[in-house]
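Please look over the sequence and structure before reading on.

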Number of protein chains: 2
Amino acid sequence: MGRGRRDLWWQGRLRGCGYRVTAGREIILDALTKTDKHLSAEDIYLAVRKACPGIGLATIYRTLEILVEMGLVFKFDFGDGRARYELVEGPNKEVAHHHHLVCTNCKRVIDYTDFIEDEIELLAKTEKGLSKKYNFDIKNHVIQFYGICGNCSTK
Amino acid sequence: MGRGRRDLWWQGRLRGCGYRVTAGREIILDALTKTDKHLSAEDIYLAVRKACPGIGLATIYRTLEILVEMGLVFKFDFGDGRARYELVEGPNKEVAHHHHLVCTNCKRVIDYTDFIEDEIELLAKTEKGLSKKYNFDIKNHVIQFYGICGNCSTK
DNA sequence: TCCCTTATTGATAATGGTTTTCATTATCAA
DNA sequence: TTGATAATGAAAACCATTATCAATAAGGGA
């Protein structure tokens, strides 16, 4: 598979959903691809302005909304009043599926991939059962642990 | 165990954390105790005004913040722009531990207790491992499934 | 390649849940 | 009962997100 095809896979997804391919959308997706952090809309805005100085914050929000709706991006709430966005693992991102550990004191977030196998297995089973019982088409899930991180507990 | 003791158990918790016992706090906790729904701050405000007409919305938020910090109440985000609050199961509330199924279209939330046993078991194991590895004192967790409910998918 | 329709965009105002401010009131230890 | 101070209500401030609107750009068709 050539590089060109890899870079363009998301264009087909956009067009398939009736959306146009624009420079803004490309660069926002690019910013999400190039990081393993959970970015806020403003984080993305600042990162993207380097390559596209004229872009507006509203475009960031509008694009993120589309990407979340299409299932390309996850939107998280870590309790600090602003949403965080993360690219769903996909053909152009080799990041393992992970869950989050959130410090309710300093708001630090740790990604963990340990124990994930068991979690995924159980979730698959639960999803199946829930889908049937509640007639619910489950798209994704969130598992988060809240507590106090090492830094905060020793102060 | 007399009824009086049951009604007052939270007073000790408040005092123990250096907080005063007030009519507002009692009535807010009471509102959370008397429902099995996930209430927003405004829901609580409206419910509480019946018994305490002069209470202000700011007091609701301030009290909820304390209760969450003390671990008596869970704060949830279901993606509709307002936080929801739920009493943690405790001595004065006989509600089973549950997780949530959230419709991303109509924002409906279904509580489920099926499959909970397996989830709890796995979470306990995961918690133990994570606490140790990341030196994290885990207080609680969130498991939520997102998707499209039956109502929305048939329209 | 050039139009033409219309989705998209940037700038900005508006929205609305939540937090802060501050003077007043209530709690509770002494 | 009293005094120190935590808690409260009303209102303003805050601030992430959304809506508005005129200008611009994407892309299908000629």
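Which atom of B:G56 lies 3.0 Å from a phosphate oxygen of DNA strand D? It is a backbone N or O atom. This is a predicted model, in which local features need pLDDT of at least 70, side-chain atom pairs count only at pLDDT 80 or more, and totals for chains, interfaces and linings use all residues. Residues are numbered from 1 along each chain as its sequence is written, chains are lettered from A and ligands numbered from 1 in the order in which they are written, and side-chain values use heavy atoms, with hydrogens and water left out.

**DNA strand D**

- There are 19 residues around DNA strand D, and A:Y61, A:R82, B:R25, B:T59 and B:R62 come nearest (near: a heavy atom of the residue within 4 Å of the strand).
- Of the DNA strand D atoms that come within 4 Å of the protein, 73% belong to sugar and phosphate.
- B:R25 places a polar side-chain atom 2.8 Å from a phosphate oxygen of DNA strand D, and for an N or O atom in the side chain of B:T59 the distance to a phosphate oxygen is 2.2 Å.
- Helix α4 (57-70) of chain A and α4 (57-70) of chain B each supply at least two residues of the surface near DNA strand D (helices are DSSP runs of H or I, at least four residues, and strands are runs of E, at least two, numbered from the N terminus).
- Seven nonpolar, five polar and seven charged residues make up that surface (Ala, Val, Leu, Ile, Met, Phe, Trp, Tyr, Cys and Pro count as nonpolar, Asp, Glu, Lys and Arg as charged, and the others, Gly among them, as polar).

**Chain A against chain B**

- Chain A gives 36 residues to the contact and chain B gives 36 residues (contact: heavy atoms within 4.5 Å).
- About 3200 Å² is buried between the two chains, 70% of it on carbon and sulfur atoms (buried area: accessible area, 1.4 Å probe, that two parts lose on being put together, summed over both).
- In chain A, the most area is lost to chain B by A:F136, A:F145 and A:Y146, together 20% of what that side buries.
- Four salt bridges are counted between the chains (a side-chain nitrogen of Lys or Arg within 4 Å of a carboxyl oxygen of Asp or Glu).
- A:K125 and B:D118 meet through their side chains in a salt bridge, at 3.6 Å from N to O.

**Strand pairing**

- β6(A) and strand β6 (residues 137-148) of chain B pair in the antiparallel sense over eleven bridges (strands pair if DSSP finds at least two bridges between them).
- A:D137 has B:I148 in β6(B) as its bridge partner.

Note on methods. Polar contact = N/O pair within 3.5 Å; in protein donor to acceptor, adjacent residues only side chain to side chain.
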